[in-house]
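Subject: A structure for you to look at

Hello,

Here is the structure I promised to pass on. Please open it beside this email and follow along as you read.

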Amino acid sequence: MTATQSKLHLLDVTLRDGSHSMKHAFTEEQVRAVARGLDKAGVEFFEVSHGDGLGGSSLQYGLSAVDEMELIAAAAEECKQAKISVLLLPGIGIQENLEEAVQAGAKMVRVATHVTEADVAKQHIELGRKLGLKTVGFLMMAHMAPVEKLVEQAKLFESYGAEIVYATDSAGALLPHETRERISALRQHLSCEIGFHGHNNLSLAMANTLAAIEAGATYIDGSLRCLGAGSGNTQTEVMVAVLDRLGYRTDIALYPIMDVANQVVAKFMPRPQEITGGSLIMGYSGVYSSFLLHTQAAAEKFNVDERDILIELGRRQAVGGQEDLIVEVASMLAKNR
């Protein structure tokens, strides 16, 4: 398939992945402004929820400043054509959370598990289909499993009813040839559509996204101004421009998507999404991108180097849900010093 024959579905995650960078403190006014801009630009789907998905507001993951259902409803009210997606991690979000999200206006659910744990999501995928949602399987930390295991787990998602299966580079650790290998294998062995979600901790989010598209991914994620965990995601407005240059169809208007990025999101970002020492080490050692702010807080508390914490977390192969390890490792480093 040539580029000019291809239609790509670009899903924006600013209002979900960006929640990590915002310390889960989005206001309703910010969400409405971003939603209006994304809708006007022609974005088909965008995600709204706590950074760790429905039900994620907690002491462990970070408390939301505004109830996520209020934010979902506010975003939905602003949309004339765009559809709201939500993220659901089994064990964090529950059935009632998803049902409430549907009432608030959600039209898609992405059920996310660690790359080796798709089997915990069967009932959640089935519920998504039952509720009439576009239902997606989201395999996180895709760099942590061999290609064969990734395919095995993706097949489980498809068997449960997932209409799209994502390979998710949660740590921003994949290199382009590794992304291409994974997406090609999924394309070869699955009949459903394939998606890719990248992080920019090694400055490779765009390169990995292009590799994924070339290998057969038709759903791709981005965030405005890269607002997301770690060093953020593939930059939505840049991706629109690049894909247009390459001849792919996204049906997203370049000037309007640039406007919401630069006139709305840029004004409330707490910091530029640069590749700092901590986020670079995340990509290098394969650590979950949402650990960054937690690690920086622990490094300051225990007066240790955040990079040492992240290297040790990578050695232990820590995954999302093990945020308690951050303080444990920081404490251990302080004692050993």
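Start with the buried residues of helix H8. They are Ala 205, Met 206, Asn 208, Thr 209, Ala 211, Ala 212, Ile 213 and Ala 215. That makes eight buried residues out of 11, so H8, which spans residues 205-215, is mostly covered. Keep in mind that this is a predicted model.

What covers those buried residues? Helix H7 (176-189) and helix H9 (236-246) are among the elements that do. Strand E7 (193-197) and strand E8 (219-222) are also included in the cover.

Now look at the two ends of H8. Just after the helix, Gly 216 takes a positive phi of about 125 degrees. Ser 203 is not a glycine, yet its phi is positive, at about 60 degrees. Most residues other than glycine have a negative phi. Ser 203 is partly exposed, with 49% relative accessibility.

Lys 23 is another case. Its phi is near 55 degrees, again positive in a residue other than glycine. Find Lys 23 in the loop between helix H1 (18-21) and helix H2 (28-41). Is Lys 23 buried or exposed? Its relative accessible area is 60%, so Lys 23 is exposed.

Next, the strands. Eight of them form a closed barrel, in the order E1-E2-E3-E4-E5-E6-E7-E8, and the pairing is parallel. From one strand to the next, the twist averages 25 degrees. Take E7 and E8 as an example: they pair in the parallel sense over two bridges. Gly 195 has Tyr 219, in E8, as its bridge partner. Helix H9 packs on the sheet here, touching strand E1 (9-12) and E8. The direction of H9 makes about 135 degrees with that of E8.

Helix H5 (residues 122-130) also lies across strands. They are E3 (83-88), E4 (106-114) and E5 (134-140). H5 runs at about 155 degrees to E5.

On to the nonpolar cores. The largest one has 75 residues. Those with the most contacts inside it are Phe 46, Ile 72, Phe 157, Ile 183, Leu 186 and Ile 257. Helix H6 (residues 147-160) gives the most to this core, with six residues. There is also a second, separate core of 37 residues, which includes Val 13, Leu 292, Ala 318 and Ala 330.

Pick out Ile 183 and see what surrounds it. Leaving aside residues up to four places away in sequence, Ile 183 touches Ala 167, Ile 194, Gly 195, Phe 196, Ala 212, Ala 215, Gly 216 and Ala 217.

Now the charged pairs. How many salt bridges are there? The count comes to 19.

Asp 251 pairs with Lys 7, and their closest N and O atoms are 4.0 Å apart. Asp 251 lies in the loop between H9 and helix H10 (254-268), while Lys 7 is in the segment before E1, so the pair ties together parts that are 244 residues apart in sequence. Asp 251 is partly exposed, at 46%. Lys 7 is also partly exposed, at 24%.

Glu 47 and Arg 110 meet at 2.9 Å, N to O. Glu 47 is in strand E2 (residues 45-47) and Arg 110 is in E4, so this bridge ties together parts 63 residues apart in sequence. Glu 47 is buried, with a relative accessible area of 0%. Arg 110 is buried as well, at 0%.

Glu 163 and Arg 129 meet at 3.8 Å, N to O. Glu 163 lies in the loop between H6 and strand E6 (164-168) and Arg 129 in H5, so the parts tied together are 34 residues apart in sequence. Glu 163 is partly exposed at 26%, and Arg 129 is partly exposed at 42%. Some salt bridges share partners: Arg 16, Asp 17, Glu 47, Arg 110 and Asp 221 are joined into one network this way.

Last, the cysteines. A search of the whole structure finds zero disulfides. Cys 192 is buried, at 9% relative accessibility. Cys 226 is buried too, at 8%.

Best wishes

Methods
Residues numbered from 1 in each chain as written. Predicted model: local features only at pLDDT ≥ 70, side-chain atom pairs only at ≥ 80, totals over all residues. Heavy atoms only, no water. Disulfide = S-S within 2.5 Å. Buried < 20%, exposed > 50% of the residue type's maximum accessible area, 1.4 Å probe, protein only. Helix = DSSP H or I, 4+ residues; strand = E, 2+ residues; numbered from the N terminus. Contact = heavy atoms within 4.5 Å. Pairing = 2+ DSSP bridges. Axes fitted to C-alpha atoms, helices over the stretch in contact; angles between N-to-C directions. Core = buried A, V, L, I, M, F, W, Y, C linked by side-chain atoms within 4.5 Å. Salt bridge = Lys/Arg side-chain N within 4 Å of Asp/Glu carboxyl O.
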